[in-house]
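Subject: Structure handover

Hello,

Here is the structure I promised to pass on. Please open it first, then read my notes below.

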Amino acid sequence: MPALQNPTSPVGRVYLVGAGPGDPGLLTLRGAECLARADLVLYDGLVNPLILRHSQASAERTCRAEGPTGRTIRQEEINQRLIEAAQSGKTVVRLKGGDPFIFGRGSEEAAALAAAGIPFEVVPGITAATAAAVYTGISLTHREHASAVAFITGHEDPTKSTSLDYKALAAFPGTLVFYMGLHRLPSIAESLIQAGKPAGTPACVVSHATRPSQRTVTGSLGEISTLATAAGFHAPSLVIIGDCVQRREQVRWFEDRPLFGQVIGITRPEGQADEAAFRAVELGAAPLLLPTIEIVCPEKWDEVDAAIARLHEFDWIVFTSVNGVQGLLNRLWNTGHDLRRLAHAQIAVIGSSTAAALAKYSLRADLVPAEFRAESLAAALAPLVKGKQVLWARASRGRDVLPNELTAAGAVLTQVIVYQNRDVLELPTAALQQIERGELNWIGISSPSIARNLAQRLTSEAKAQLGIKTKLASISPVTTAAAREVGLPIAVEATVATWEGLFQAMSDARENSSA
Ligand code: SAH
């Protein structure tokens, strides 16, 4: 039996992977596996760069058309890069928009690899036609309307020489989907109508399908190109023609998401924004990471370690943030201890997120006040802590409400700094420019220190957009007050002090303004 791999000549392997239509969640599991083991990723202009998060490799964008990166790369050059990288032993992922073999020249790349004797695998992807149809609420093969579906290139000019038989297409008993057809839409529609397709046939143009910037216009075949031009659609767009389009209104779902199309600045610290960003996507929005503070280890651990050494003496341990929970409990573990050390203490927290962070360590909070603010926690604890030893695992900065109130209530309070909350000195340039251009709809502000630092870091051009193009949502009354003090106009405030509460407030505001 031949060896699976020749150990003396370790030639790498190329994975031709379909990246799907744009929504980064529409990548296959196999595609993600290939990305995780890649040494080099070459991706084309249609690929959503968010997908590159699955890879640690260096990634290069290849661009056959003149794009924003300027340089165009010929197909032969791409083939050669793939071959040379594999010959030097690299595992290469060639990422292509949609499916690599649908109007994607993926098969030409595969043929070049085969000819050069490079081992390769092709991973299918969700092609734009099926994804765009589903995300606009259209079944391309609805059984009452279509017995077939055709994927057609709109690249060829039907008024000049074309291999497409428009008579056959007009008579086709099903749905027609044109890729790459936006700029030829007037002549495509005209040619179909001349070939006998009724001008009243329902049609639809979908641009940026599956992205928060998705836009759809529907109309009859006779008028669709005028409507698409009026709507100012850009590539990538595709055109769906057939009776199935008329069912769209019944089952559209993506465009009806509560924050559909909204660009939302997420101010959470780097490395802690994933959950909020993921939720924003689920609600139909485009999250823009805008880390405004950073969370780092305390300058020294002495006081924390001293408190850990006498943990059994504390009657209450108080956590007021997720970082506080992680800071103390990770240090406990890293210094050779474990949760049994907490066995004698009661635990009090502010907020459901903090309680959820505790639950990840299989710990239940004994006290979670209904309101997520220091005043409520202090009020709830005050009758319970007279003469008691209380430990607060806190940030390097914050308000004094809790220590003042607990000490006044007779508690013996020990405060230890388990993490530092520091201002980020520069916002990401690209994000700042987006705010300056008025492209952000919202910024969510989730703490007073974020509010204060944001006010410092925004340029005057960016500030000029606040309250006009970009509205600010605050997580709590305390945050709102801090924001207003530094001149940030808060448009809405969350009822529940969580990111979910912030998104709810944004979506309520949106509903009210469109009502
Ligand atoms: N291999 C890709 C198609 C490449 S051809 C696939 O399987 O999807 C490029 C054309 O695909 C574009 O001109 C456009 O018609 C279509 N397309 C790709 N992504 C799209 C998207 N997100 N929304 C609408 N059309 C898209």
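Strands here are DSSP runs of E with at least two residues, numbered from the N terminus. One of them is strand β6, which covers residues 149–153. V149 sits in this strand. Keep in mind that the model is predicted.

**Surface patch**
V149 belongs to a nonpolar surface patch together with F103, F151 and M180. V149 has 31% relative accessibility, so it counts as partly exposed. F103 is also in that class, because its value is 37%.

F103 lies in the loop between β4 (91–96) and α3 (106–115). Its phi is positive, near 45 degrees, and F103 is not a glycine. R105 is in the loop between β4 and α3 as well. R105 has a positive phi too, about 60 degrees, and is not a glycine either. With a relative accessible area of 33%, R105 is partly exposed.

**A cis peptide bond**
Look at A235 and P236. The peptide bond joining them is cis, with omega about -5 degrees. P236 is in the loop between α7 (224–231) and β10 (237–241).

**Two packed helices**
Helix α10 spans residues 302–309, and helix α11 spans residues 322–334. They pack with axes 11 Å apart, at an angle of about 70 degrees. Angles of 65 to 115 degrees count as roughly perpendicular, so α10 and α11 are roughly perpendicular to each other. Which residues meet there? From α10 come V304, D305 and I308. From α11 come L328, R331 and L332.

Best wishes

Note on methods:
Residues numbered from 1 in each chain as written. Predicted model: local features only at pLDDT ≥ 70, side-chain atom pairs only at ≥ 80, totals over all residues. Heavy atoms only, no water. Patch = residues over 30% accessible without salt bridge, like charges linked within 9 Å, V, L, I, M, F, W, Y side chains within 5 Å. Areas by Shrake-Rupley, 256 points an atom, 1.4 Å probe, with all protein chains shown as cover. Salt bridge = Lys/Arg side-chain N within 4 Å of Asp/Glu carboxyl O. Helix = DSSP H or I, 4+ residues; strand = E, 2+ residues; numbered from the N terminus. Buried < 20%, exposed > 50% of the residue type's maximum accessible area, 1.4 Å probe, protein only. Axes fitted to C-alpha atoms, helices over the stretch in contact; angles between N-to-C directions. Parallel < 35°, antiparallel > 145°, perpendicular 65-115°, else oblique. Contact = heavy atoms within 4.5 Å.
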